[in-house]
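User: I have a model open and want to know what stands behind the terms used for it. Please take me through them.

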Amino acid sequence: MGVRLHHEVSMAGTDGGSVLLDQRSGEYWQLNGSAATALRMLLDGAGEHEVAAALIADGPPGDVGLDEALRDVRELTEQLTAARLAVRS
């Protein structure tokens with residue numbers, strides 16, 4: 001199952017991650033570097049396990065395990081869909 005941004009939501013990179021703009025409400029949502037990387041990968045078609053593994057590989061050794069990283073990726077997806085910024089495709 002993939003993820004795509006709502007057609008009225010745009011994403012722009014920042015120094016520390018990314019910002020999502022919901023053009024319907026004018027609200028901005030800031031994503032830290034890990035969340036931005038995860039979202040970009042999901043938008044490009046990567047699966048949750050692939051994203052979690054990539055986040056672990058990019059982080060400090062032993063910082064986060066696969067279960068925690070996978071939970072974080074799923075939580076990000078849930079938060080974005082609940083806020084109607086993204087939809088599952």
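**Helix against sheet**

Analyst: Helix α1 lies across β2, β3 and β4, and runs at about 100° to β4. The angle is taken between N-to-C directions on a scale from 0 to 180 degrees, with axes fitted to C-alpha atoms, for helices over the stretch in contact. Helices (H or I, at least four residues) and strands (E, at least two) are DSSP runs numbered from the N terminus. This is a predicted model, where local features need pLDDT of at least 70, side-chain atom pairs count only at pLDDT 80 or more, and totals for chains, interfaces and linings use all residues. Residues are numbered from 1 along each chain as its sequence is written, and side-chain values use heavy atoms, leaving out hydrogens and water.

User: What makes β2 and strand β3 a pair?

Analyst: Two strands pair if DSSP finds at least two bridges between them. Six bridges join β2 to β3 (residues 17-22), so they pair, and they run antiparallel. Glycine 13 stands opposite serine 18 in β3.

User: Why are β2 and β4 called edge strands?

Analyst: The open sheet has the order β2-β3-β4. β2 (9-14) and β4 (27-32) each pair on one side only.

User: Which residues make the contact of α1 with α2?

Analyst: The axes of α1 (residues 33-43) and α2 (residues 48-58) come within 10 Å and cross at roughly 145°. Contact means heavy atoms within 4.5 Å; Ser34, Thr37, Ala38, Met41 and Leu42 of α1 meet Glu48, Glu50, Val51, Ala54 and Leu55 of α2.
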